[in-house]
Amino acid sequence: MKTFIVANRVLKQLKGDKRLLILSIVAPLIIIYFLKLLFDAFPPNVPITNFTIPIGALVVHFLSFLLCAILLVQERTKGTLERMLIGGYKRSSIIGGYTLGYLGLATIQAAVVLIESVWLFDLDYSYNVLILLFFVIWLLAVVSVMLGIFISTFARHEGHVFPFIPLLILPSIFLSGLLINTDELPQWAAFVGKCLPLHYAVNIIHEIIKPVFLISETYFDFAMLGAYVFLLWLCASLSLKETE
Amino acid sequence: MNHAIEIKDLTKKYGQILALKSITLNVPVGTIYGLIGPNGAGKTTLIKALVGAVKPSSGHLNVLGMNPINDKWALRQKIGYMPQSAALYEDLSAKQNILFFGKAQKIENLNQKTDEVLQFVELTDRANDLVRNFSGGMKKRVSLCCALIHSPEILFLDEPTAAIDPHLKLQSWNLFRKLANSGVTLFISTHLMDEAMHCDKVTILMNGEIIAVDTPQKIIESGKTVLTIKDNGVITTRTIASTPEGLANELLKLGLRASITEISATPDTIENIVLNIIKKNQIH
Ligand SMILES: Nc1ncnc2c1ncn2[C@@H]1O[C@H](COP(=O)(O)OP(=O)(O)OP(=O)(O)O)[C@@H](O)[C@H]1O
Ligand SMILES: [Mg+2]
C-alpha cells in the first residue's frame, strides 16, 4: 500500500519538474532521429534494422538508470530519504515505489522510442513482434531502475553517479552484442559483455526481428533479465542503509 | 518513570572521530529540553541516535520506554523528527509534502489534520504553492508540519529556528510552548545561546561532551550582574551575583538614601554566560 503512495509521489514529483520530464522524453526522440541521419549515410548493404531497436533500448536503459540514480541521490543529500525512513516508510516500500514510479516514465520512453523507430525507419513488424519489443525495452528499463537504486546507495552526492555513466554505457555499446556479436570478441571481453543486461535484451531483439522467429529461443534471455531484476532488487534492498 | 527520554553512557564514533562521548541525560515528559552547542558539538548526531537514524557505538537509549533501533516501527509512530536541513520535495506543494509524510502513518482525517497544522504555522494561504518558491523560514515551517502531522508524543527538532527572523523565531517558540502545554515533549537543538531562555532545561554540549545541565534560571544566576549607582551625581558600578539574594544584599549594604538618584542592574545575558562556560571548557 505504502509502495503506491511512494510511487504516486515520485510521479507527482516528475510532473512537477516539467523541464526534466520533457527532456527525458525529448532526448530519446532526438537521439533516434540522429541515428536515422547517421544510418542514411551508410552504404545500403548494412543491416540497419539490427541496430535501430537495440540502440533505442540502450537509450531508454541508460536514461532510466541515470534519472533514477540521480533523483535517489538527491533524496539522500536533501535528507528526505532519512525522513521517509524515520517517518515510517519501509525500505521495501521505497524501492518498490521508486520502481513503479519510474516505470511510468520508462513506459512512456519505451513507447516513444519504439513508435519513432518504426515510423522513421519504416520497420514492418507484426503486432506480436511490436508487443514483444516493447516488453523487452520495458523489462530492461526495470533493470535500469533497480541498477539506479543500487548505484545511488554508493553515492554521497550527484557527482558520484557520473563515473558510472561511461562504466555502464561504453561496455554496453561495444561488448553487449549491439555492434559485434559477443561470441566474436576475445574471451574476457565476451565475459564482460555477458555480464551486461543489455546483452540479453539485444539477443531477444535480434531473435524476434528475424522474419521467422522461435519464441523458445528467447526464454533463456528473458530469464536472465528477470534474474537481473531480482538480483539487483536484492542488492538495492541490502545496500539501502537505514542507519549511519 | 516519568522520563520521555533516557540516555545512559551513549558514545558514537565515526571512524576516528568521537562525535559523542559517554552522554547521560534524562528528559521529563512534557518539557522543552534544549540542546545547546557550537557547530560540530554533536547535536545532530545525538538527535539522530534518538530517532534511530544513527547506531550508537555503545550505551543505552530509551525513548518512551523503547529502544530506537530494536523497536523502531513502534517508536516511529510516536515520534516526530524535523531534520536540520529542510528535507522537503521542492517539486511538490506544501500540502502535498505534509500529506506524503502523513500517509506513512495511520492518521484519521489526514486532510483536515493537514489543514490544521498548516494553520498552526500560518501557512494556510500558501498551502498549494510549490515548496521550491518558499523562503527558508517558510520551508522550516512546512518541515515542522511534516514532523507534527501524526501528533507525536515527542518532537525532535534539529535547529528549527536557525535562519529564521526574530519575529518568526519568537512565534516558533510560542508554538513550541503551546505544544509542550498539550503534553508533547520537545527535544530541541540550537546553536543560538539566547534561545536557552525558552527551554525548561538545557544541556550544553561541546565536542561531544555534556559540559552543563541546568534550568535557564540557574544558568543566568551563575552569571554576574553589573549594578550602576548614581550617588550625589557620582556614577559607580559594582559587580554582584545574578541571584535575587545578591541584589537584595547589595541594596541592604548601600542603604537607600535620597542622594542615590539612579540604580540600574544589568545581568549577564544567557548568551554570554553560555559562551563563557564554553570558553572555560576550551581552555581545559
Ligand atoms: N556521517 C558522518 N561521518 C563522519 N563524521 C561525522 C558524520 N556526521 C557527523 N560527524 C562528525 O561528528 C561531529 C558532530 O557532528 P554533528 O553534525 O552532530 O554536530 P552538530 O552539533 O549538529 O553541528 P552543527 O551545529 O554544525 O549542525 C563532527 O565532528 C562531525 O564532523
Ligand atoms: Mg547539526
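Thr190(B) is found in strand S7 of chain B, which spans residues 185-190, strands being DSSP runs of E with at least two residues and helices runs of H or I with at least four, each numbered from the N terminus. The model is predicted, so that local features need pLDDT of at least 70 and side-chain atom pairs count only at pLDDT 80 or more, whereas totals for chains, interfaces and linings use all residues. Residues are numbered from 1 along each chain as its sequence is written, chains are lettered from A in the order in which they are written, and side-chain values use heavy atoms, with hydrogens and water left out.

Thr190(B) is buried, with a relative accessible area of 3% (buried means under 20%, with a 1.4 Å probe and protein chains only). Leaving aside neighbours within four places in sequence, Thr190(B) is in contact (heavy atoms within 4.5 Å) with Leu35(B), Ile36(B), Gly37(B), Lys43(B), Glu159(B) and Glu195(B).

Ala53(B), in the loop between helix H1 (43-51) and strand S4 (58-63) of chain B, is likewise buried, with a relative accessible area of 3%. Beyond its neighbours within four places in sequence, Ala53(B) is in contact with Glu82(A), Ile86(A), Glu242(A), Thr243(A), Glu244(A) and Lys48(B). Ala53(B) and Ile69(B), 16 residues apart in sequence, are separated by 8.1 Å from C-alpha to C-alpha.

In chain A, the axes of helix H3 (residues 49-78) and helix H4 (residues 80-87) come within 5 Å and cross at roughly 75°, the axes being lines fitted to C-alpha atoms over the stretch in contact and the angles running from 0 to 180 degrees between N-to-C directions. H3(A) is therefore roughly perpendicular to H4(A), a term covering 65 to 115 degrees. Glu75(A), Arg76(A) and Lys78(A) of H3(A) make the contact with Thr80(A), Leu81(A) and Met84(A) of H4(A).

Note on methods:
Parallel < 35°, antiparallel > 145°, perpendicular 65-115°, else oblique. Buried < 20%, exposed > 50% of the residue type's maximum accessible area, 1.4 Å probe, protein only.
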